[in-house]
Amino acid sequence: MVLSNKHVAPDHLLQICKRIGPILDKEIPPSILRVNSLLGAGRQSLLRTAKDCRNTVWKGSAFAALHRGRPPEFPVNYGTPPNLVEVYRARQLTGYAKFSTSFPGSMYQHVKMHRRILGHLSSVYCVAFDRTGHRIFTGSDDCLVKIWSTHNGRLFATLRGHSAEISDMAVNYENTMIAAGSCDKMIRVWCLRTCAPVAVLHGHTGSITSLQFSPMVKGSMRYMVSTGADGNVCFWQWDTDSMKFSNRPVKFTEKPRPGVQMLCSSFSVGGMFLATGSTDHVIRMYYFGSETPERIAELESHAVRFLNLLISCLKFISGSRDGTARIWRFEEAEWRSILLDMSNRLPGDMCSEEDKFMRPKVTMIAWNQNDNYVVTAVNNHLLKVWNSSTGQLLHDLVGHADEVFVLETHPFDSRIMLSAGHDGNIFIWDITKGTKTKHYFNMIEGQGHGAVFDCKFSPDGQHFACTDSHGHLLIFGFGCSKPYEKIPDQMFFHTDYRPLIRDSNNYVLDEQTQQAPHLMPPPFLVDVDGNPHPTKYQRLVPGRENSADEHLIPQLGYVATSDGEVVEQVIGQQTVDQDEQGMEPSILDGMIRQLQLQQDQRNAAADQEPASSGLQNGEGTPRRVFRRPSLDIQSPPNIGLRRSGQVEGVRQMHQNAPRSQMATERDLQAWRRRVVVPEIPPSLLRKQEKYRIAKGEEERDLYQSEKRRKSFQSSEKVCKYTTLKILTTQFCICIPCDVLVVVSDSSSRYSDWIADAGINLQPPVRTSRRKAVRYCSTSEDEVSAGKSSPPKRRRRKRRKKPRPKKQEGANTPTQPVNSELSYDWHPPVWITDTALRRSPFVPQMGDEVIYFRQGHEAYIEAVRRNNIYELNPHKEPWRKVVLRDQELVKIVGIRYEVGPPTLCCLKLAFIDHATGKHTDKSFSIKYHDMPDVIDFLILRQFYDEARQRNWQASDRFRSIIDDAWWFGTVLGQEPYQPQYPDSHFQCYSVKWDNGEVEKLSPWDMEPISDNVDQPEELGASVSVTSEEMEKLLYKPEEGEWGMRSRDEACERIISGIDQLLTLDISAAFAGPVDLCTYPKYCTVIAYPTDLNTIRTRLANRFYRRISALVWEVRYIESNARTFNEPGSAIARAAKKITTQLLKFINDQDCTNIFDLCSTTDDEQDCLDADDLVSFFIHVITVMHSPSSIHGKIAQFF
């Protein structure tokens, strides 16, 4: 055509298209403006019509097959969702379709890896999505937190400030803040919109182990919880309107022994409950239904440390390295569990030879989306799927070749579970079928596979992100990967690793520019070696999208690495070499230099400092006055190289800072307007808050209803029969309320204080029946028989004969006690334990101990600090007598006070060092076992043995804590407090093998012999054998068990108790009272005991001397007379039992307890006629068989 028509140019058709294109664009706008093509399609076609450009209308039949109105991948030409009419029409056309039918599990085979990006120089253990799913956060061992785009992989920002590895991250539910915990013991909170620091929280003395924002909604007040390696759980209160955190958290110190660390935490859906796991084998539950968080339960069921906790409403699961997991439920005011044993196998599954010798350990646990299934990862590389209702093993998922530490459930598809491990494998499982849906192997070219450390699903379930041991971020999802092809494989900002300076509150500034990191101008993108990326990639940096090409060329400079090698690095924006290239200097750079010069001069004048003169060509770096008050906190460490022989690269980009890197006021205004992470739309935020509020109210109501259910069941039993005597699990005597005759509710003036603690202890002096008042002392003063001061907390008075229809019992205190709170009144384990341990110290009559004033002062300070009970400072013992730093004393009196807490009151008599006998001078103390409070009473025998050891620096030792050996090294010796220079209390500084430094006393440490078993891993413990425990316990002195040895005496008394238990009259005192069924008993009796408890303690060699045994036997009668009427049939029966047993104990030649019956004063000990009638009423009430009644009657004739 061109040859035949001379006037037609070769580009004739092109020119026609150029003129037609703008006309068509005005009529039917294209997708991309000013882009014309002859080969365009759709909205870019030159032949497009208005009909072609309409959005495809949603058809009802198409919508019916979608889940939640959203397909896995949005059709490109779909418009707005259908209205309600179309939805109902769709149901009529297609009927109801299950999600599993419309979206089969095979669809997940289309998930693919969009991009693997290298963005950190160290392992990345933390990854999280924001609440919208548009951003990904990564936290690494290189101390950085980075923000990425979910949809194209762009690097948006780097959050700097931490000086150690990032251990956990959390995004709040409002999507306005991110918090990161670190091994530097601090929590940093940033604003997600601007990346500005919100708070730096100091509440831990150890590494942060977990971080959670509470879902609970209470006005504008919210909570964030953190747990640490220091054993603390901190609840940080913050306000959604001001985004300000309280400086002081509500702190719970959960450290019953050295080395205890909190490992993990998990909130319920509504935020009313928090579960925490720790290395001391205890799950602790916290409740948010009151004004402040409160601990409501401590559950001990796992033998080893907990690994993970996941809580759903009033159910949660826990896993441990002891090879078990437990599914817990709150029912009838109790946490009950179903045991999942990892050694269980499916029917027909044969055990391999390797599994026979491998001890199973749980490495990770997870619920599925609807809580019907529980998945556990085991160290034999298997994943086990369990039925959460029955605990039945359903499937074994096989595929991993190494331990699995990542289990992630799909946000809305209950069939899907994601797993990843150190073998580099990533699996998508269908747990309902027990099949593998998708597999990916993280192979890194030239470096082998990368262990996968963390994975998370996006909120919409369309993407998931993984991080690995080499610093990579892996983004997976449905759909096309083309948007991710526009980014480089390695993405670092040249400012990522520049040093920081810190103020007194640990806020940071960039050391070179003296500016806050979030206010610095947009950085440059570089690779891992520090080389700048091409210009097309620099426009991916937020703030540089519309920059001119000359502003995207970084300035290079030569700097020296740590190895002395000189390399070329990015040090700023191109400003110096522009003249050499024939380019004119940027007007913007000139304005920046001029404004910065003026600003520096103003600052210098204000600080009376000379202005900096090194500003030529923008290369000088003026230093503002900024102090470094905390020199011990360094900038992020220079972590080792990822590849051998590789230059540190991006880490060396902090040698210089040109003027063009200083932000101007215009830049600052622009930074304040930018949005790094979008906020949740207000309407959606309100819906989410309403949902969380509803779930929280549901959890609170369910919790209260379960407690009331328990109370109602207990009250049914209490209302039907009013208990009148010591209640036991085997036998209790109750009488119907309609025949109950209530008598005086009083007790004798019996006191546990004994003037002499010799062997020949006699039963207490019994008083005649008369009106008496039972006292509960709350002061620290001395208490002796007949000198008790009336309490302010409770008095028990004589009552008149009640009305016939009034259902009251003689055991009911004047102040009603809520049965829901009865657990707080229960005697603690350290009092009721039947096995003797080194710690805590349990006092016994006749003990010679060393009293340490320092420890007692620390106890009193802890009581006051935690407001446990009221103390009178004028009653402190050192205000009455002169007490040195340590005193040799003897326990000559013991009495227990009803709690909470249950208090042990001791009367301590000074011992004359010359004669070895106690004097008439004494003082009284009151205490109870408390976490983090060291025993301040040490047995003299242990003290003398410890003084013989001369510990030196670098000596290895082991210490027994909670029936386990813990190992450490002595660092040195120095007084615990300067005012007590000669005291041995806490005088050694030691370092445990797990790295913690602590103070110990010489009696806390034991030498390590050559044949001692060492722990499997550094910092772990070794169980104490029974032989080792026996050697560590108290060795009786001569005469403490009479003329016989302790073993002979104990076995003789055990046989006597066995004979006594054959009598029907002993059945009432055979076992402990059921405090859950009868909670009021523990509000009256502080120290419960019974014949079986005494027998068990004798078998365990619990008592250090026979006088301690006699003291406890006497408590059986004391408790019966205190809880019931002193002259009642039950009290007289207790008197008979106690007298018989005491006679047997004192007669060391007697082997048959019934031989002593003839020496008993029948007139005094037999029941009178009135008591016998009363006893018949009791027997008829409980015992319904004639043979039982005859057995009872025969006992008294």
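Predicted model: local features only at pLDDT ≥ 70, side-chain atom pairs only at ≥ 80, totals over all residues.
Strand 27 and strand 28 (residues 425-430) are paired in the antiparallel sense over 5 bridges.

**Strand 27 and its partners**

Within the pair, Ile-416 has Asp-430 of strand 28 as its bridge partner. The two strands form a hairpin with 3 residues between them, and Gly-424 in that turn has a positive phi of about 85 degrees. Strand 27 also pairs with strand 26 (residues 404-409), again in the antiparallel sense and over 5 bridges. A hairpin leads from strand 26 to strand 27 through 6 residues.

Strand 27 (residues 416-421) is mostly covered, 6 of its 6 residues being buried. In a regular strand, side chains alternate between the two faces of the sheet. Both faces of strand 27 are covered: one side carries the buried residues Ile-416, Leu-418 and Ala-420, and the other carries Met-417, Ser-419 and Gly-421, also buried.

In another part of the chain, 4 strands form an open sheet in the order 14-15-16-17, with antiparallel pairing. Its edges are strand 14 (262-267) and strand 17 (294-300), each of which pairs on one side only. On average, neighbouring strands of this sheet are turned by 20 degrees against each other, direction ignored. Strand 16 (residues 282-287) is joined to strand 17 by 6 bridges, and the two run antiparallel. Ile-283 stands opposite Leu-299 in strand 17.

**A pair of helices**

Two packed helices are described by the angle between their axes and the distance between the axes. Helix 16 (residues 1106-1123) packs against helix 17 (residues 1129-1146) at an angle of about 170 degrees, and their axes are 8 Å apart. Helix 16 is therefore roughly antiparallel to helix 17. The residues of their contact divide into 11 nonpolar, 1 polar and 4 charged. Those contributed by helix 16 include Leu-1109, Val-1113 and Glu-1117, while those of helix 17 include Ala-1134, Thr-1138 and Leu-1142.

**The setting of Gln-886**

Gln-886 lies in strand 44 (residues 886-897). Its relative accessibility is 18%, so Gln-886 counts as buried. The side chain of Gln-886 makes a polar contact with the side chain of Tyr-943, at 2.7 Å. Leaving aside neighbours within four places in sequence, Gln-886 is in contact with Tyr-943 and also with Ile-850, Tyr-851, Phe-852, Asp-982, Ser-983 and His-984.

Pro-840 is located in the loop between helix 10 (829-832) and strand 43 (848-852).

Note on methods. Residues numbered from 1 in each chain as written. Heavy atoms only, no water. Buried < 20%, exposed > 50% of the residue type's maximum accessible area, 1.4 Å probe, protein only. Polar contact = N/O pair within 3.5 Å; in protein donor to acceptor, adjacent residues only side chain to side chain. Contact = heavy atoms within 4.5 Å. Pairing = 2+ DSSP bridges. Axes fitted to C-alpha atoms, helices over the stretch in contact; angles between N-to-C directions. Parallel < 35°, antiparallel > 145°, perpendicular 65-115°, else oblique. Nonpolar A, V, L, I, M, F, W, Y, C, P; charged D, E, K, R; others polar.
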